[in-house]
Amino acid sequence: MQLIRPLLLVSLLLAAQAGWAGTFSQIGSSRWVTATKIYDGDTFRTDAGEKVRLLGINTPETAHNDNPGQPLARKAREELKNLIQGEVVRLEFDRDQHDVYGRLLTHVYLRDGTWVNARMIEKGMAHCYTFAPNFRHAAELLIKERQARDKRRGIWKTSRFGMLKSAHVDKSHVGQFRVISGKVGIIDKKGWSFRLGNLSVSIPESYRQWFRAPPVLKSGDFVAAHGKIRISNRGRLYLALHSPYDLEIMER
């Protein structure tokens, strides 16, 4: 099975994004800063002491405390360091400008227009990580992730981050953020949850406002779901979708 054609995917996702425009105004304000210290592949500090987290992406975790670090974490950090350390960069904001840790949430651009968030995904150093209400550029980033996955760049050729077949999901994957592919099984009558191999995939009530309607799925459709694999009190594996960009419908 192939993923849906790039132009069709762009059209569908941009149409969805346009649908949210009436719900809130995208801020899009920006300012220039100098990048000084690079913490990892998606976080850095400015000359004013502000901590910045790149929007829409997530890179492998670096070693800290008893955590040995994830594959390619050091390489991702070096990639960001080579791109922005000591450079004057433009921070572009979305609706929520700070996270719960007080970090600035931004898209980052070099003086020559290079979009740093996208570059990290193109290099295979990051995967998409989109949460409401910061959907600005999410469609474009997902397209770039798909291209990097198809070419098995960087993290996509590792066993830790590579595409995981739904039939192969087991308890060893609990706690991992993964991209999982497979055929849709039983679909809940209301359409907010479905089976995907060994997983139960659902859209929690608190996130349904961002979907507007349940995904248009039928049993047998081939999809890719993005999210953290968890286990219920009953020992069942499940994954919750937090944004429309967490689900890709493959070509039927």
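**Cores.** I began with the largest nonpolar core, which has 52 residues; Phe44, Ile84, Leu91, Val116 and Met120 touch the most other members. Apart from it I found another core, of seven residues, which includes Ile155, Phe161, Val179 and Met250. The model is a predicted one, and I read every entry below with that in mind. As a general note, nonpolar side chains tend to be buried together in soluble globular proteins.

**Whole chain.** I looked up the totals next. The protein chain has four helices and 14 strands. Of its 252 residues, 48% are buried. The chain exposes about 12700 Å², and carbon and sulfur atoms supply 48% of that area. I also checked the contacts between residues at least 6 apart in sequence: 65% of them join residues at least 24 apart.

**Helix 2.** I checked the length of helix 2, residues 73-84. Its 12 residues reach 17 Å from the first C-alpha to the last, close to the 16 Å expected at 1.5 Å a residue. I then listed its buried residues: Ala73, Ala76, Glu79, Leu80, Leu83 and Ile84. They cover an arc of only 120° around the axis, so they lie on the same side of helix 2. The general rule is that an α-helix has 3.6 residues a turn, so residues three or four places apart point the same way. On the face turned away from the buried side I noted the exposed residues Arg74, Lys75 and Asn82.

What do the buried residues of helix 2 pack against? I found strand 1 (30-40), strand 2 (43-46), strand 3 (51-54), strand 5 (88-98) and helix 3 (116-122). Just after helix 2, Gly86 has a positive phi of about 80°.

**Met120 and Met125.** I went back to Met120, one of the core residues that touch the most other members. Leaving out residues up to four places away in sequence, Met120 touches Gly41, Ile57, Thr59, Ala76, Glu79, Leu80, Leu83, Met125 and Ala126. Among these, Ala76, Glu79, Leu80 and Leu83 are on my list of buried residues of helix 2.

Met125 is in the loop between helix 3 and strand 7 (127-128). I count Met125 as buried because its relative accessible area is 3%, under the 20% limit. With neighbours within four places set aside, Met125 is in contact with Asn58, Thr59, Pro60, Leu72, Lys75, Ala76, Glu79, Met120, Gly154 and Ile155. Ile155 is one of the residues of the seven-residue core.

Ala118 lies in helix 3. Its relative accessibility is 3%, so it counts as buried. Beyond four places in sequence, Ala118 touches Leu141 and Lys144. From Ala118 to Ile143 I have 25 residues in sequence and 9.9 Å in space, C-alpha to C-alpha.

I list as buried in helix 4 Ala138, Ala139, Leu141, Leu142, Ile143, Glu145, Arg146, Ala148 and Arg149. After helix 4 comes Arg152, with a positive phi near 50°.

**Arg103.** I looked up Arg103 in the loop between strand 5 and strand 6 (104-109). Is this arginine buried or exposed? Arg103 counts as buried, because its relative accessibility of 19% is under the 20% limit. The side chains of Arg103 and Asp99 are joined by a polar contact of 2.7 Å. Outside four places in sequence, Arg103 touches Thr43, Lys51, Arg53, Gln97 and His98.

**Backbone.** Most residues other than glycine have a negative phi, and most peptide bonds are trans. I noted the exceptions. The peptide bond from Ala132 to Pro133 is cis, with omega near 0°. Pro133 is in the loop between strand 7 and helix 4, and His137 is also found in the loop between strand 7 and helix 4. The phi of His137 is positive, near 70°. At 15% relative accessibility, His137 counts as buried.

Arg212 has a positive phi near 70°. Its place is the loop between strand 11 (199-202) and strand 12 (222-231). Arg212 is exposed, because its relative accessible area is 52%.

Key. Residues are numbered from 1 along each chain as its sequence is written. Side-chain values use heavy atoms; hydrogens and water are left out. Buried means under 20% relative accessible area, exposed over 50%, partly exposed in between (1.4 Å probe, protein chains only). Helices (H or I, at least four residues) and strands (E, at least two) are DSSP runs, numbered from the N terminus. The expected span of a helix is 1.5 Å times one less than its number of residues. The arc is that of the directions from the helix axis to the C-beta atoms. Contact means heavy atoms within 4.5 Å. A polar contact is a pair of N or O atoms within 3.5 Å; within protein, one must be able to donate a hydrogen and the other to accept it, and residues adjacent in sequence count only if both atoms are side-chain atoms. A nonpolar core is a set of buried Ala, Val, Leu, Ile, Met, Phe, Trp, Tyr and Cys residues joined through side-chain atoms within 4.5 Å. Accessible areas come from the Shrake-Rupley method with a 1.4 Å probe; for residues, only the protein chains shown count as cover.
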